[in-house]
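Please walk through the fold of this protein, starting with the chain as a whole and ending with single residues.

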Amino acid sequence: MDVWGNITLGNLDVPNIRGEEINLQSSFRKRKAKSTTIEKLPDKVLLHIFSYLSHKEICQMAKVCKRWRIMAYDTKLWRNVSLRPEISGLHVGSLEFLLALISIRFGPSLRYIELPIELITHTVLHELANKCPNLTHMLLDFSTAMQLHDFSELQAFPTKLKYLCICLSEVIFMEGFMRKIYNFINGLEILHLIGTYEKVEEEEEEIYEVINVHKLKSATPNLRVINLYGINFVDDSHIDAFSSNCIQLECLAVNYCNKVTGSTLKTLFQRSRRLNCLLMNGTNLQSEHLMQVEWEKCSVQELDITATDLSTEALQDMLTRIPGLRFLSAGQLNGFNDLVLKSWMESGMSRNLIALDLDSSDNLTEEAIYKFLCKHGHQLLGLGLSGMTHITDSLWQTVLPILTNAKILIMGTQEKLGVNILADQLMDTIARNCLNLERLELRWDPDNLRFSDKSQKAIDTIRVKCLKLKCLCLSDGRYYEVVKANFERADRMTVVRTLTNCRISNYYLLSNYKDLIFN
């Protein structure tokens with residue numbers, strides 16, 4: 001070979017064709033790399049990429065260059081906006097700046113907005129009404145308010161709202177504000193009133209009815225979904241008020257409203273023939289009131305009676321008379337025992353069941369649960385058997401082959417057990433039988449979980465076979481770290497979570513789940 005790269009055969013010079021091909025390919029790759037930088041992407045593609053970012057991240061992208069700044073301020077990226085700093089990380093420093101945002105950046109594209117108390121003024125609401133004609137969802141957070149702005153000059157309010165969420169304050173009366181908006185919210189279909197249940201201290205303080213529910217129900221005749229969450233003054237009279245005017249009611253949630261006893265449930269079902277979802281977790285239901293309800297005539301399909309202290313007799317009477325029940329959450333009930341489960345199964349009223357949560361039902365035996373699951377396990381999409389020390393991985397290993405359609409599984413207890421849970425075998429059984437699994441929670445204490453050096457194989461199996469898995473919750477510990485690292489190596493960064501930050505519920509299977517999300 002000479003200095004020019006030619007191969008010499010005697011007196012004949014043959015060009016090094018292979019070398020020229022390699023040089024050409026290398027040159028082509030370099031030119032191709034230069035022509036496919038992010039700068040060359042069309043605006044439409046770049047906009048689509050930006051749509052996966054949070055608004056806080058989009059604001060940071062706007063600092064990169066002039067083109068990205070124009071992209072970041074495109075109104076299509078600002079259809080759903082939260083201006084609550086603790087939720088979105090966005091902080092609006094002044095009302096003038098917000099008014100400019102509404103006019104320039106939000107405009108007709110805005111569909112959903114969340115406003116903290118300091119931004120809820122008559123000028124802001126006027127601007128939203130005038131500049132955002134397609135606004136249909138709004139959240140107003142008054143929870144930290146010690147004093148309301150002056151709404152005496154409020155003459156306009158968004159008129160196309162279908163969804164309104166109001167976070168109430170413990171001490172601020174809302175009637176002055178509500179009186180101004182009654183005429184604008186006749187089209188509401190979904191109403192959330194969020195109380196201060198999670199902020200209540202042990203000391204009993206005077207309770208104020210900070211919003212007039214009886215007047216509100218007159219202004220909202222078209223409600224389909226009503227969620228009264230953790231409101232300490234809500235009682236049965238408020239349920240009666242809504243049922244008297246909202247004939248299209250499909251879903252009523254009064255979770256953690258501890259003054260609700262169920263005395264008006266009979267009237268509720270007589271008036272609201274479309275009501276198919278009733279959520280009463282943490283209420284003070286009285287057994288005698290529930291036994292008076294004409295359950296056999298109602299349309300309820302989804303029921304939550306968790307932590308309501310109902311008697312065995314009331315549970316047996318109710319469950320054997322509801323004909324179309326598909327979703328039942330009945331955890332933390334001492335009255336829920338083998339007799340209730342057997343009577344329900346024998347009555348045939350459990351034939352349509354797709355979701356069952358029996359959290360902390362200590363009076364249920366392993367044998368009774370096994371018999372029930374042998375009959376109905378194949379139809380269940382969600383099953384929760386958590387909080388029971390006598391339900392270990394041995395039962396789950398037995399019933400998992402039956403739960404072939406399961407999307408949600410909740411198992412284990414955080415109490416320390418006298419036996420060990422074999423994590424590898426359990427994961428392998430889940431992977432082989434529950435290919436449609438979307439959410440899995442293992443609540444067992446890390447000290448009770450036993451796994452080997454071959455755990456990676458079992459974790460690989462569930463990761464590869466359960467491709468729909470969105471969330472896997474584990475107690476914080478060594479096994480959690482092993483599983484999390486495995487999924488992260490496969491670029492599935494958000495699947496594995498700790499129980500400290502995330503809990504799984506069958507609520508994902510509710511027909512009105514998306515309408516019930518409020519925060």
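The model is predicted: local features need pLDDT of at least 70, side-chain atom pairs count only at pLDDT 80 or more, and totals for chains, interfaces and linings use all residues. Residues are numbered from 1 along each chain as its sequence is written, and side-chain values use heavy atoms, with hydrogens and water left out.

The protein chain has 20 helices and 20 strands; these are DSSP runs numbered from the N terminus, with helices being H or I of at least four residues and strands E of at least two. Along the principal axes, the C-alpha atoms of the protein chain fill a box of roughly 110 × 65 × 40 Å. Of the 519 residues of the protein chain, 50% count as buried. Here buried means under 20% relative accessible area, exposed means over 50%, and partly exposed lies in between (1.4 Å probe, protein chains only). The protein chain exposes about 25,100 Å², of which carbon and sulfur atoms supply 50%; accessible areas come from the Shrake-Rupley method with a 1.4 Å probe, and for residues only the protein chains shown count as cover. Among contacts (heavy atoms within 4.5 Å) between residues at least 6 apart in sequence, 79% join residues at least 24 apart.

Aromatic side chains come next. A search of the whole structure finds 14 aromatic pairs. Rings of Phe, Tyr and Trp (its six-membered ring) pair if their centres lie within 6.5 Å; planes under 30 degrees apart count as stacked, over 60 as edge-to-face and the rest as tilted. The rings of tyrosine 229 and phenylalanine 518 have planes at 45° and centres 5.2 Å apart, so this pair is tilted. Tyrosine 229 belongs to strand E8 (residues 225-229) and phenylalanine 518 to the segment after helix H20 (513-516), so the pair links distant parts of the chain, 289 residues apart. Both tyrosine 229 and phenylalanine 518 are buried.

Tryptophan 344 and phenylalanine 372 form a stacked pair, at 5.5 Å centre to centre with 25° between the planes. Because tryptophan 344 lies in helix H14 (residues 338-347) and phenylalanine 372 in helix H15 (residues 366-376), the pair ties together parts that are 28 residues apart in sequence. Tryptophan 344 counts as buried at 0% relative accessibility, and phenylalanine 372 counts as buried at 1%. Elsewhere, ring pairs link Phe142, Phe151, Phe157, Phe177 and Phe184 into a cluster.

Some rings have a charge over the face, defined as NZ of Lys or CZ of Arg within 6 Å of the ring centre and within 35 degrees of the ring normal. Arginine 105 lies over the face of tryptophan 78, 4.8 Å from the ring centre. The charged end of arginine 439 sits over the ring of tyrosine 508, at 3.6 Å from its centre.

Which residues of helix H13 (residues 312-319) are buried? They are Ala314, Leu315, Met318 and Leu319. Seen down the axis of H13, these buried residues fall within an arc of 115°, so they line one face of the helix; the arc is that of the directions from the helix axis to the C-beta atoms. The cover over the buried residues of H13 includes helix H12 (287-291), strand E11 (302-304), strand E12 (327-329) and H14.

Arginine 443 lies in the loop between strand E17 (439-442) and E18. Arginine 443 is buried, with a relative accessible area of 13%. Its side chain makes a polar contact with the side chain of serine 386 (3.0 Å). A polar contact is a pair of N or O atoms within 3.5 Å; within protein, one must be able to donate a hydrogen and the other to accept it, and residues adjacent in sequence count only if both atoms are side-chain atoms. Not counting residues up to four places away in sequence, arginine 443 touches residues including Asp359, Ile410, Gln414, Leu499 and Arg503.

Phenylalanine 451 is in the loop between strand E18 (449-450) and helix H18 (455-465). Phenylalanine 451 is partly exposed, with a relative accessible area of 24%. Among the residues it touches, not counting those up to four places away in sequence, are Ala423, Arg478 and Val482. Phenylalanine 451 and arginine 478 are 27 residues apart in sequence and 10.0 Å apart in space, C-alpha to C-alpha.

Serine 88 is found in helix H5 (residues 85-88). A polar atom of the serine 88 side chain lies 2.7 Å from the backbone oxygen of serine 82, and the side chain of serine 88 reaches the backbone nitrogen of leucine 90 at 3.2 Å.
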